[in-house]
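Student: Could you walk me through some ring contacts and a helix in this model?

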Amino acid sequence: MSAHSKGEYHVKDNIHPSELMKSAEQFIGLCYAELNRTQEEAESRLMDIRSQIELTGTYEHTSEELTHGAKMAWRNSNRCIGRLFWDRLKVTDARHLSKTSDIFSELIRHIENATNGGKIVPTITIFRPSRPGEPPLTIKNHQLIRYAGYETPDGTVGDPASISFTKECMELGWQGDLTHHDVLPLVVQQGNEPPEWLSIPHSSVLEVSLEHPELPDLIDQGLKWYGVPIISDMLLEIGGIMYTAAPFNGWYMGTEIGARNLADKERYNKLPLIAELMGQDTSSESTLWRDRALVELNYAVLYSFKKAGVSIVDHHTAATQFGLFERREEQAKRELTGDWSWLIPPVSPATTHIFHKSYNNEIRSPYFHYRNKGQ
């Protein structure tokens, strides 16, 4: 699997057996060395893998390989600032599940276990991989928990980023309550079978209502956000094997909510509201009302999550943690890769050391890839 220096990566639907074997050799060599396995064990395992590929066109990872491979993929995630905790990832092997009802149950279990009452646990659940000649299992959601978006005559209700997927869900028979915070259903597709959906129980979704100690009227605005970001539409590649359904989560960095989800004009666009609550002069950009509102909105997110006992990290602490990750990788004699444009936080980036550095954005396997259209 070739790497591209600018972070571009083209995921192949069908990988040639010889290329698959080459990817397996690369992965097993790295994985077994990190697990302190002997050279003889690695060579024996590669002989077994070669036999599997010759017989079936693919091979299966052991539970140990799957677990460490998933952790390596997080460690290699160029856009993630939270990689210090890569080796604490809780890996659930769900490759044996074939019934859609069982897959739904496992997804709900992931949500509940990862949420952990607010003490969020970095978690990944890995379902069966893509196999030659078999249509893949896919989770259609961008995140397991996300708010719906509706186009109405009076404007958008909910999250504009979800409008297209909300329409898909409604075409399948799901109906929301037309509020700004309707939690979308889980949608799973088994190969070429029609997609199936399941509503997530309200009791499984932890949400945080936003408040600000110096803006008492904010609590009356009904702003809230869900506690756990569980990405579910990326492909996990380990040793040439492609896992098309492998939802994973860490915890939020506050700016993801306060500077993007709630602040972007194309999303909830709440900076004008915060400025109004602050009594800001919005008649001129030179008052920096957007900047001042942005800081207070981000403070409200951090304050509210911490008050509710839900794990979250501010961008300054996250940058410091990333610095420690950099030093640990150096000590392990691994060259660190990263996408600078994503690693810098969207609020006050120049106050972090990341802003003043450059990073090699080479893609290294194992890795999480963006799904191509049609996959």
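Tutor: Happy to! This is a predicted model, where local features need pLDDT of at least 70, side-chain atom pairs count only at pLDDT 80 or more, and totals for chains, interfaces and linings use all residues. Residues are numbered from 1 along each chain as its sequence is written, and side-chain values use heavy atoms, leaving out hydrogens and water.

Student: How many aromatic pairs are there?

Tutor: Rings of Phe, Tyr and Trp (its six-membered ring) pair if their centres lie within 6.5 Å; planes under 30 degrees apart count as stacked, over 60 as edge-to-face and the rest as tilted. By this rule the count is 11.

Student: Are the rings of tryptophan 340 and phenylalanine 355 stacked, edge-to-face or tilted?

Tutor: Their centres are 5.7 Å apart. The planes meet at 45°, so the pair is tilted.

Student: Is tryptophan 340 buried, exposed or partly exposed?

Tutor: Buried means under 20% relative accessible area, exposed over 50%, and partly exposed in between (1.4 Å probe, protein chains only). Tryptophan 340 has a relative accessible area of 31%, so the residue is partly exposed.

Student: Which residue lies over the face of tryptophan 86?

Tutor: A charge sits over a ring if NZ of Lys or CZ of Arg is within 6 Å of the ring centre and within 35 degrees of the ring normal. At 4.7 Å from the ring centre of tryptophan 86 lies arginine 75.

Student: How many residues of H3 are buried?

Tutor: Helices (H or I, at least four residues) are DSSP runs, numbered from the N terminus. H3 covers residues 63-75, and Trp74 and Arg75 are among its buried residues. H3 is mostly covered, and of its 13 residues the buried ones number 10.

Definitions and conventions. Helix = DSSP H or I, 4+ residues; strand = E, 2+ residues; numbered from the N terminus. Expected span 1.5 Å × (residues − 1).
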